[in-house]
Amino acid sequence: MPISYNKLFALFKEKGINTTRIRRENIIGQGTLTAIKNGSGGIDTRTIEKLCKVLNCQPGDIMEYIPDDT
């Protein structure tokens with residue numbers, strides 16, 4: 001998948017946000033969280049906006065484009 005969310009999970013860890021809090025505060029739905037962890041899904045712009053607000057960051061702070069080697 002050309003979009004990586006590793007930055008998002010690093011930011012969660014840096015800010016002490018665990019999966020329990022993510023679910024409790026409805027930051028990201030469980031299905032979406034699982035999909036982006038597994039690299040099988042993405043997030044829409046509303047979710048990006050919500051994450052940026054919660055984390056006080058910019059979209060580039062939570063995801064990055066990684067081109068395919070083809």
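Which helices do the buried residues of H1 pack against? In this predicted model, their partners are H2, helix H3 (30-38) and helix H4 (45-55).

The protein chain has a mean pLDDT of 90, with 97% of its residues at 70 or more. Helix H1 (residues 6-14) is where confidence is highest, at 95, whereas helix H2 (residues 19-24) has the lowest, at a mean of 87.

Turning to H1 itself, its buried residues are Leu-8, Leu-11 and Phe-12. These lie on the same side of H1 because they cover an arc of only 105° around the axis. After H1 comes Gly-16, which has a positive phi, near 70°.

The cysteines deserve a look of their own. The number of disulfides in the model is zero, with a pair of cysteine sulfur atoms required to lie within 2.5 Å. For Cys-52, the closest cysteine sulfur is that of Cys-57, and at 4.1 Å it is too far for a bond. Seen from Cys-57, the closest cysteine sulfur is in Cys-52, again at 4.1 Å.

How values were computed
Residues are numbered from 1 along each chain as its sequence is written. This is a predicted model: local features need pLDDT of at least 70, side-chain atom pairs count only at pLDDT 80 or more; totals for chains, interfaces and linings use all residues. Side-chain values use heavy atoms; hydrogens and water are left out. pLDDT is the predictor's confidence in each residue, from 0 to 100. Helices (H or I, at least four residues) and strands (E, at least two) are DSSP runs, numbered from the N terminus. Buried means under 20% relative accessible area, exposed over 50%, partly exposed in between (1.4 Å probe, protein chains only). The arc is that of the directions from the helix axis to the C-beta atoms. Contact means heavy atoms within 4.5 Å.
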